[in-house]
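Dear colleague,

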2 protein chains.
Amino acid sequence: MVKYQEPSLDRTFAALADPTRRALLARLEVVDSVSVSDLARPFPVTLPAIMKHLDVLSDAGLITREKTGRTVSCRLNAAPMEEAMGWLRRYERFWRERLDALEAYFNRPRKDREPDRGAPPRKTSDKT
Amino acid sequence: MVKYQEPSLDRTFAALADPTRRALLARLEVVDSVSVSDLARPFPVTLPAIMKHLDVLSDAGLITREKTGRTVSCRLNAAPMEEAMGWLRRYERFWRERLDALEAYFNRPRKDREPDRGAPPRKTSDKT
DNA sequence: CCTAAACTTAACTCAATGGTTAAGTATCAA
DNA sequence: TTGATACTTAACCATTGAGTTAAGTTTAGG
């Protein structure tokens, strides 16, 4: 039964909002194709829970599943992320501005570096 | 009362998963600072509903609110989106590959253009 | 054929979302 | 000081989300 799915930003962002699902995707980024149980193994939740996550990812169009025999292999489909990035890109100029400020700050001669409110402009960045 | 908030991807993506909230952010992208009721006006929901959306955006660190007199002005803070984009960028190669294929296809001499499985590579794109 | 492996489905819990109405608190303007 | 404006809070409701356990289905292997 193939469910109709509109590849909306809603579903994409909602799918990405869960750390377990992001971890699943991260796994699929590096391996091309994994079975459901292999995919589930590292997680501290039950298989049905993972199944539901896979349903969400699938509804968002972020993965495809293919059954061969009794095993189902999952594969990443990053396409919907492009739309999400497109949406975000619109706001890029805001941190671009901040980065430019940062850059300008450190390109200034050392003696001129005066933190506006006690600290230099800071670049935030983090990995998941 | 300043609530502690970890600027996690969870919150960011969750905040972006709602179309009303994305619309609020889109509004704040172009105007720099708007009062709560001005912000709420175009939407077909009640003020308290908008308030809750603003709480979510605020908890995600995507907006800041400042009260002056009886009006509260909201301001965009796009910083958390940078982390989100950083996460997504990791997957960029997947659609980059698709685009490269598309490009290669159309740069090939016309007579050589033979769709692999009945159709040329397709570029999906959509606006919100 | 029988059993184990690899899912799948069903039924249930609990908390969080997104919305409502109604009532409350400041603040500004006359 | 009185009333309207601009929020804010509280209480409630329905739906969804993330998880569970328990009971199916297929399929593969001995």
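This is a predicted model: local features need pLDDT of at least 70, side-chain atom pairs count only at pLDDT 80 or more; totals for chains, interfaces and linings use all residues.

How are the two chains related? Chain B is superposed on chain A by a rotation of 180 degrees with 0.0 Å of shift along its axis, and the RMSD of that superposition is 0.0 Å. This is the relation of a two-fold axis. Because 92% of the interface residues of chain B are also interface residues in chain A, the copies meet through the same surface.

The contact between the chains draws 26 residues from chain A and 26 residues from chain B. On the side of chain B that touches chain A, at least two residues come from each of α1 (9-16), α2 (19-31), α5 (79-89) and α6 (92-107) of chain B, and α5(B) gives the most, with nine residues. Sorted by class, this side of chain B has 17 nonpolar, three polar and six charged residues.

The axes of helix α5 (residues 79-89) of chain A and α5(B) come within 10 Å and cross at roughly 150 degrees. Since angles over 145 degrees count as roughly antiparallel, that crossing makes α5(A) roughly antiparallel to α5(B). The crossing in which α5(A) passes α5(B) is left-handed. Which residues make the contact of α5(A) with α5(B)? On α5(A) they are A:Met81, A:Ala84, A:Met85 and A:Leu88, and on α5(B) they are B:Met81, B:Ala84, B:Met85 and B:Leu88. By class, the residues of this contact are eight nonpolar, no polar and no charged.

Within chain B, α5(B) also packs with α1(B), at an angle of about 95 degrees and with the two axes 9 Å apart. These two helices, α1(B) and α5(B), are therefore roughly perpendicular to each other. From α1(B), the residues B:Leu9, B:Thr12 and B:Phe13 meet B:Pro80, B:Met81, B:Glu83, B:Ala84 and B:Trp87 of α5(B), and the residues of this contact divide into six nonpolar, one polar and one charged.

The largest share, five residues, comes from α4(B), and by class the surface near DNA strand C holds nine nonpolar, seven polar and five charged residues.

DNA strand D is surrounded by 22 residues, and the closest of these are A:Ala49, A:Gly69, B:Val36, B:Ser37 and B:Thr71. Here the elements that give two or more residues are α4 of chain A and, from chain B, α3 (36-40), α4 and β3 (71-76). For the surface near DNA strand D the largest share, five residues, comes from α4(A), and the residues of this surface divide into 10 nonpolar, seven polar and five charged.

With kind regards

Technical notes:
Residues are numbered from 1 along each chain as its sequence is written. Chains are lettered from A and ligands numbered from 1 in the order in which they are written. Helices (H or I, at least four residues) and strands (E, at least two) are DSSP runs, numbered from the N terminus. Ala, Val, Leu, Ile, Met, Phe, Trp, Tyr, Cys and Pro count as nonpolar, Asp, Glu, Lys and Arg as charged, and the others, Gly among them, as polar. Copies are superposed by least squares on the C-alpha atoms of residues with pLDDT of at least 70 in both. Two residues are in contact if their C-beta atoms, placed from the backbone, lie within 7 Å. Axes are lines fitted to C-alpha atoms, for helices over the stretch in contact, and angles run from 0 to 180 degrees between N-to-C directions. Angles under 35 degrees count as roughly parallel, over 145 as roughly antiparallel, 65 to 115 as roughly perpendicular and the rest as oblique. A crossing is left-handed if the near helix is turned anticlockwise from the far one by less than a right angle, and right-handed if clockwise. A residue is near a molecule or strand if its C-beta atom, placed from the backbone, lies within 6 Å of it.
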